[in-house]
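Reader: I have just opened this one and would like a short tour. Can we start with the charged side chains?

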Amino acid sequence: MLTLNRLQSKTALLMALSVSAGSIAPLMTPAPSLAQTRFSDVSSSYWASQFIQQLSQRGVIAGFPDGTFRPEEPVTRAQFAAMINKAFSKSAQRQPINFNDVSSNYWAYGAIRQAYSIGFLSGYPGNVFRPNQNIPREQVLVSLANGLEYAPASNTESTLQYYNDSFNISGYARSPIAAATEREIVVNYPNVKFLNPTVTATRAQVAAFIYQALVSTNQVAAINSPYIVAQTTPPPITTVTIPQGTIIPIKYEQAEKILVTKEETAPLTLTTSQNVITQDGTVVIPAGSQVIGELRPAQGGSQFVAQRLVLTNGQEYNLSASSSVITKVETVRKGSNTGSIIRNTVLGAGAAAAVSAVTGDRAVATEEVLGGAGIGALIGLFFGKSSVDLIAIEPNTDLEMTINENLLISLQ
């Protein structure tokens, strides 16, 4: 582990919802590892940004084709059924049924039947489901509490006294909401004391509720948010300053080498390899935290420039840090063995295009490059060249970075 000193010196209705608006808004992604986690209308300071980001990484929710998330839009019961099946894996508790208003060719038919069978959703009298109905917040919490089989451990009415508007909670919802409160599933923005039980739940609110339900089942790490209802007094939040000049040790497990051209910029995410701790042993940057940034041209070489630090608990900070400039060169010549060049190597888009053009091996164009960028349009830049010089980076040794300005980390 690295201490800061050492570093300095080195320098009745179990209704629920989904997460989108419209009849078939995007709720899930086909592969969580490729999921969009940044949305143009969800800033890092938005109250629910961490909940949204974490659920999108897990493939439980997704945004829209235009890059937005639309956090304030309402959620329908059908959308929630689709979402709940992505979030929770649970065996059937009862036989699925066919609701009169959900035809077999309805887009969420299977999701509704499954969510009903695992105990998260029920219908209305008359065997109807009302799939397009917007969901009030209290129905979302009832669904989660009942689906996870939570019951209040304390007196229901005493627990609900926490909310200034507890008188608005429907009779059927009081016990489940008390259980959800005890499990810290409830998230109230902007005022933690107001539940607003009958108000329609938004996509952002649903994301927060679902994420907290996952926290309660120990499936995800807790997020530090002042809007989570916790009946116990939380410990005080303290701030630790990581001083300018501190070294952050990193690792990169995807490859042993990175090749880029001298002119290209390529996105790159690194991982901290050791805990960064204070003199008294407090961990301020846990090993395994992510450092998100990019490789940039610099002084005839390439340099990693950090932009964000994401701790293992989901806390995110803007980070000003950079590595030394790497100027080591690897020359690729016509006739070179492509296999030996790209073995255990990740290439920037420009480097991949250069290798493909110079060696004549078009198969390189199908290799994965940093950031998933396409290289077809770049190959023409290197046609006719018999060799090309690429910057060769050994990430686990070359990309150790120095913090350029003091970094404040909140501890609880």
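Author: Start with Glu294 and Arg296, whose side chains form a salt bridge with N and O 2.7 Å apart. Keep in mind that this is a predicted model.

Reader: Is Arg296 buried or exposed, or in between?
Author: Arg296 is partly exposed, at a relative accessible area of 31%.

Reader: What does Lys328 pair with?
Author: Lys328 forms a salt bridge with Asp398, and their closest N and O atoms are 2.8 Å apart.

Reader: Where do Lys328 and Asp398 lie?
Author: Lys328 is in the loop between β11 (316-323) and β12 (329-333), while Asp398 belongs to helix α11 (residues 395-398). The pair therefore ties together parts that are 70 residues apart in sequence.

Reader: And Asp398, buried or exposed?
Author: Asp398 is buried, with 16% relative accessible area. Lys328 is partly exposed, with a relative accessible area of 37%.

Reader: How many salt bridges does the structure hold?
Author: The structure holds nine salt bridges. One of them is between Glu253 and Lys251, with an N to O distance of 3.3 Å.

Reader: Why does Glu253 count as exposed?
Author: Glu253 counts as exposed because its relative accessibility is 66%, and the cut-off for exposed is over 50%.

Reader: Changing topic to helices. At what angle do α5 and α8 pack?
Author: Helix α5 (residues 137-147) packs against helix α8 (residues 203-216) at an angle of about 20°. Their axes are 11 Å apart.

Reader: What does that make α5 relative to α8?
Author: It makes α5 roughly parallel to α8, because angles under 35 degrees count as such.

Reader: Is their crossing left-handed or right-handed?
Author: The crossing of α5 and α8 is right-handed.

Reader: Which residues meet there?
Author: On the α5 side they are Arg137, Val140, Leu141 and Leu144. In α8 they are Gln205, Phe209, Ile210 and Ala213.

Reader: How do the residues of that contact divide into nonpolar, polar and charged?
Author: The contact of α5 with α8 has six nonpolar residues, one polar and one charged.

Notes. Residues are numbered from 1 along each chain as its sequence is written. This is a predicted model: local features need pLDDT of at least 70, side-chain atom pairs count only at pLDDT 80 or more; totals for chains, interfaces and linings use all residues. Side-chain values use heavy atoms; hydrogens and water are left out. A salt bridge is a side-chain nitrogen of Lys or Arg within 4 Å of a carboxyl oxygen of Asp or Glu. Buried means under 20% relative accessible area, exposed over 50%, partly exposed in between (1.4 Å probe, protein chains only). Helices (H or I, at least four residues) and strands (E, at least two) are DSSP runs, numbered from the N terminus. Axes are lines fitted to C-alpha atoms, for helices over the stretch in contact, and angles run from 0 to 180 degrees between N-to-C directions. Angles under 35 degrees count as roughly parallel, over 145 as roughly antiparallel, 65 to 115 as roughly perpendicular and the rest as oblique. A crossing is left-handed if the near helix is turned anticlockwise from the far one by less than a right angle, and right-handed if clockwise. Contact means heavy atoms within 4.5 Å. Ala, Val, Leu, Ile, Met, Phe, Trp, Tyr, Cys and Pro count as nonpolar, Asp, Glu, Lys and Arg as charged, and the others, Gly among them, as polar.
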